[in-house]
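Hello! Here are my notes for going through this model together. Please keep the viewer open and look up each place as you read.

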Amino acid sequence: MISNLQDSLNLLSKMTPARAWNASKVLTSYYVSKMRKKPAQKGLPISIAFEPTTSCNLRCPECPSGLRSFTRPTGMLQEEVFKQTIDELQKTLLYLTFYFQGEPYLHPQFLDMVKYASDRGIYTATSTNAHYLNDKNARKTIESGLDRLIISVDGTTQETYQSYRIGGKLDKVLEGTRNLIEWKKKLKSKTPHVVFQFLVVKPNEHQIEEVKQLAKEIGVDKVGLKTAQIYDYANGSPLIPTIDKYSRYRQQSDGTYKIKNGLGNHCWKMWHSCVITWDGLVVPCCFDKDAHHRLGSVQQQSFKELWQGEKYQRFRRLLLKSRSEIEMCKNCTEGTKVWG
């Protein structure tokens, strides 16, 4: 689709000489570390994710926010903490995701923070359940400069949708999407790139073609089919799809399930990105949902000190030596790919 090409060109337009040089240092560091089995870290992250809040209006069954199962506190990101970190990283940071756990639009200053990053030439993206995309928020989203908006649409009928998005209303999601598309047209904006994300689980796998048609009718730019992470997958789950290519897990001869991917002693994410929780904690990646691996806090030290500090290097060292010892890595399907 032309719009997908536009999104790629938009991302490339954010690449400055300083960001390109930083990316080359990070990439080189990753391959040197992988080859030597010893962490070397030059440069700063190419991408980070900021968590606006852990609060959420839905009760999705495989989500800590939905299950209200966090051991860490629920709260809202302080705008000053966000700005301080962006000010430090803006010259080298290319991609910023406003999402980890929770629903971003529940944060009162969420779109103001998007605009702050967008005004500094950083590519911005978020993921939402779209229940708060009323007319006012839809317009403000366009005006914020947000580059990519992922909307969770896990069913084309209310019955199927609510089987996973418990407490959600599909008509609210579609209304919000239409509000956004309408304001894009009114303001003659090419952004955000709107993606319908369809989390493929057994109850909705029969609606894959239907969601593609729905996206086309509304004017959504892309449909992304995502495999579901199941926490307790060993003995199977009613959510594991029957269509093999959409499942992260494979059934074995004894009836139990095993994750498909191998667990190599390397991870690109540990060199090019990280996640910052609402209260400023830096954790390795999005698989550390309860922030068990706390590598520092942007409220207590500069990001550069933290990124190249002993805690981070110790974690990278463990990963290069024995990734299988890190519990959160055992359910990972992403980190081993460069640019993944």
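1. Helices (H or I, at least four residues) and strands (E, at least two) are DSSP runs, numbered from the N terminus.

2. What you see is a predicted model, in which local features need pLDDT of at least 70 and side-chain atom pairs count only at pLDDT 80 or more, while totals for chains, interfaces and linings use all residues. Residues are numbered from 1 along each chain as its sequence is written, and side-chain values use heavy atoms, with hydrogens and water left out.

3. How confident is the predictor? pLDDT is its confidence in each residue, from 0 to 100. The chain has a mean pLDDT of 90, with 94% of its residues at 70 or more. Please treat residues 335–340 with care: pLDDT stays under 50 there. For this stretch the model has 18 contacts beyond four places in sequence, where contact means heavy atoms within 4.5 Å.

4. Now find the sheet. It is open and mixed, and its eight strands run in the order β6-β5-β4-β3-β2-β1-β9-β10. β6 (222–227) and β10 (282–283) are the edge strands, each pairing on one side only. At the β10 end, β9 (residues 273–276) pairs with β10 in the antiparallel sense over two bridges, and Val275 stands opposite Val283.

5. Helix α4 (residues 79–89) packs on this sheet, where it touches β1 (47–50), β2 (95–98) and β9. The direction of α4 makes about 175 degrees with that of β1; axes are lines fitted to C-alpha atoms, for helices over the stretch in contact, and angles run from 0 to 180 degrees between N-to-C directions.

6. Is strand β5 (residues 193–200) enclosed or open to the outside? Eight of its eight residues are buried, so β5 is largely enclosed by the rest of the structure. (Buried means under 20% relative accessible area, exposed over 50%, partly exposed in between, with a 1.4 Å probe and protein chains only.) His193, Val195, Gln197 and Leu199 point one way from β5, while Val194, Phe196, Phe198 and Val200 point the other way.

7. β5 has parallel partners on both sides: β4 (residues 148–152) over five bridges and β6 over six bridges. Ile151 stands opposite Phe196, Phe198 stands opposite Leu225, and Val200 has Thr227 as its bridge partner.

8. Gln41 lies in the loop between α2 (17–36) and β1, and counts as buried because its relative accessibility is 8%. Beyond its neighbours within four places in sequence, Gln41 has contacts that include Val26, Ser29, Trp271, Trp307 and Arg316.

9. Arg120 lies in the loop between α5 (110–118) and β3 (123–128). Why does Arg120 count as partly exposed? Because its relative accessibility is 28%. Leaving aside neighbours within four places in sequence, Arg120 is in contact with Arg19, Ile86, Asp87 and Gln90. Its side chain reaches the backbone oxygen of Tyr116 at 2.8 Å. For a sense of distance, the C-alpha atoms of Arg120 and Pro238 are separated by 45 Å.

Technical notes. pLDDT = per-residue confidence, 0-100. Pairing = 2+ DSSP bridges. Polar contact = N/O pair within 3.5 Å; in protein donor to acceptor, adjacent residues only side chain to side chain.
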